[in-house]
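Subject: Structure handover and findings

Hello,

Here is the structure for your files. My notes on it follow below.

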Amino acid sequence: MENNEELNKLTGQVNRSNISSIASVVTRIIAVINDPESTAKQLVDIILTDPPLAANVLKFVNSAHFAPRRRIADIQQAVIFIGFNALKELALNQKVCEIFQKAVNIEGYSRQALWRHSVAVAQFAKMIYRREFAERGENVYAVGLLHDLGIIIEDQFRNPSLVESLQLVNKENLPLWKAEQRTLGYDHSQIGAHVSLDWDLPEEIVHGIAYHHRPDKAPASSQRLAACLFIANHCCQAAEIGYCDSPLENEDLYAQCIDRLSVDSDAIDLIMTDVQTLIKAMIEEGLL
Ligand SMILES: [Fe+2]
Ligand SMILES: [Fe+2]
């Protein structure tokens, strides 16, 4: 109860801040992703109402990553060139990225490193869905980008507690969420879940954020997604891509998740190699 009041207060602060205008665009893009009847025009319209987003999307489409033969001059051309599905992912990526922009560096944590971690987790989780379940994995990609949203919120609105938690992580070798439980009484997965529920994001996304460190506690309908996130988080941390919020995460739980999804270690190794290659290329091209 006490935590709920605190989380409500924090959510109110977030909704009165610069994050809320970003959230309204993110929520609209996720609604397009979740509506099977949605059209490319709806997405183009959302992007066009946000000129900085449109400019960032065009910068990405014209980069070596997509390598167009001629410059793509507008969003309508972009949707034809990269396709509706790729544009959904790219627009979401470029918009969520805005939440992470601000140079903050404390105790081994920075927003840029957390963003790299989030993109790697999103790509990893999406590849598991595509290769192992033959599904598009658009929601799992969105959860990957947003799973550590609570850390950014803490960084912006509860900074002394985050600093204290990060110090505890270094001193006692704890996963960040356990340190937060001690200093704040709740952790970044609870913050992210509370805020994303308030933004009316789909239940699957809220659950994915809520249980990314505790997939064993997820409700049955979200267990596969939470397990997938846990594996992605674990592997990206083991490969030291970006910020690492739980270096000593439970190996038994990892084995349980692998079992739950019935993925073999060769598939995981292949995905890891592909994610590393992709992230390296994005860094080299100045896109991450
Ligand atoms: Fe986390
Ligand atoms: Fe994470």
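Helix H8 comes first: nine of its nine residues are buried, so H8 is largely enclosed by the rest of the structure. Please bear in mind throughout that this is a predicted model. The buried residues of H8 are Glu-138, Asn-139, Val-140, Tyr-141, Ala-142, Val-143, Gly-144, Leu-145 and Leu-146. The elements that cover them include H2, H6, H7, helix H9 (149–157), H13 and H14.

H13 (residues 203–210) also has buried residues, namely Ile-205, Val-206, His-207, Gly-208 and Ile-209. These pack against helix H2 (19–34), helix H8 (138–146), helix H12 (188–198) and H14.

Helices H6 and H7

Two of the helices that cover H8, H6 and H7, also pack against each other. H6 spans residues 84–97 and H7 spans residues 111–133; the angle between them is about 155 degrees and their axes are 11 Å apart. Because angles over 145 degrees count as roughly antiparallel, H6 is roughly antiparallel to H7. The crossing of the two is right-handed. On the H6 side the contact is made by Glu-89, Asn-93, Val-96 and Cys-97, and on the H7 side by Trp-115, Val-119, Gln-123, Lys-126 and Arg-130. Sorted by class, this contact has four nonpolar, two polar and three charged residues.

Setting aside residues up to four places away in sequence, Gln-123 touches Glu-89, Tyr-141, Val-275 and Leu-278.

Aromatic pairs

How many aromatic pairs are there? The count comes to four. In one of them, Tyr-129 and Phe-133, the ring centres are 5.0 Å apart and the planes are at 80 degrees, so the pair is edge-to-face. Tyr-129 and Phe-133 both lie in H7, four residues apart, which is about one turn of the helix. Both are buried.

Other buried residues

His-234 is in helix H14, residues 223–238. Its relative accessibility is 14%, so His-234 counts as buried. Apart from neighbours within four places in sequence, His-234 is in contact with Glu-249, Glu-251 and Tyr-254.

Leu-7 belongs to helix H1, residues 2–15. Leu-7 counts as buried, at 6% relative accessibility. Leaving out residues up to four places away in sequence, Leu-7 touches Tyr-186, Gln-190, Ile-191 and His-194. From Leu-7 to Arg-71 the separation is 64 residues in sequence and 46 Å in space, C-alpha to C-alpha.

Ala-54 sits in helix H4, residues 51–61. With 11% relative accessibility, Ala-54 counts as buried too. Its contacts, not counting residues up to four places away in sequence, are Ile-47 and Ile-75. Ala-54 and Asp-74 are 20 residues apart in sequence, and their C-alpha atoms are 8.3 Å apart in space.

Positive phi values

Most residues other than glycine have a negative phi. Which values do Glu-240 and Ser-262 take? Phi of Glu-240 is near 55 degrees, a positive value in a residue other than glycine. Phi of Ser-262 is near 50 degrees, again a positive value in a residue other than glycine.

Glu-240 lies in the loop between H14 and helix H15 (251–261). At 69% relative accessibility, Glu-240 counts as exposed, because the cut-off for exposed is over 50%. Ser-262 lies in the loop between H15 and helix H16 (265–284), and at 61% relative accessibility Ser-262 counts as exposed as well.

Regards

Technical notes:
Residues numbered from 1 in each chain as written. Chains lettered and ligands numbered in written order. Predicted model: local features only at pLDDT ≥ 70, side-chain atom pairs only at ≥ 80, totals over all residues. Heavy atoms only, no water. Axes fitted to C-alpha atoms, helices over the stretch in contact; angles between N-to-C directions. Parallel < 35°, antiparallel > 145°, perpendicular 65-115°, else oblique. Left-handed = near helix turned anticlockwise from the far one by under 90°. Contact = heavy atoms within 4.5 Å. Nonpolar A, V, L, I, M, F, W, Y, C, P; charged D, E, K, R; others polar. Buried < 20%, exposed > 50% of the residue type's maximum accessible area, 1.4 Å probe, protein only. Phe/Tyr/Trp six-rings, centres within 6.5 Å; stacked < 30°, edge-to-face > 60°.
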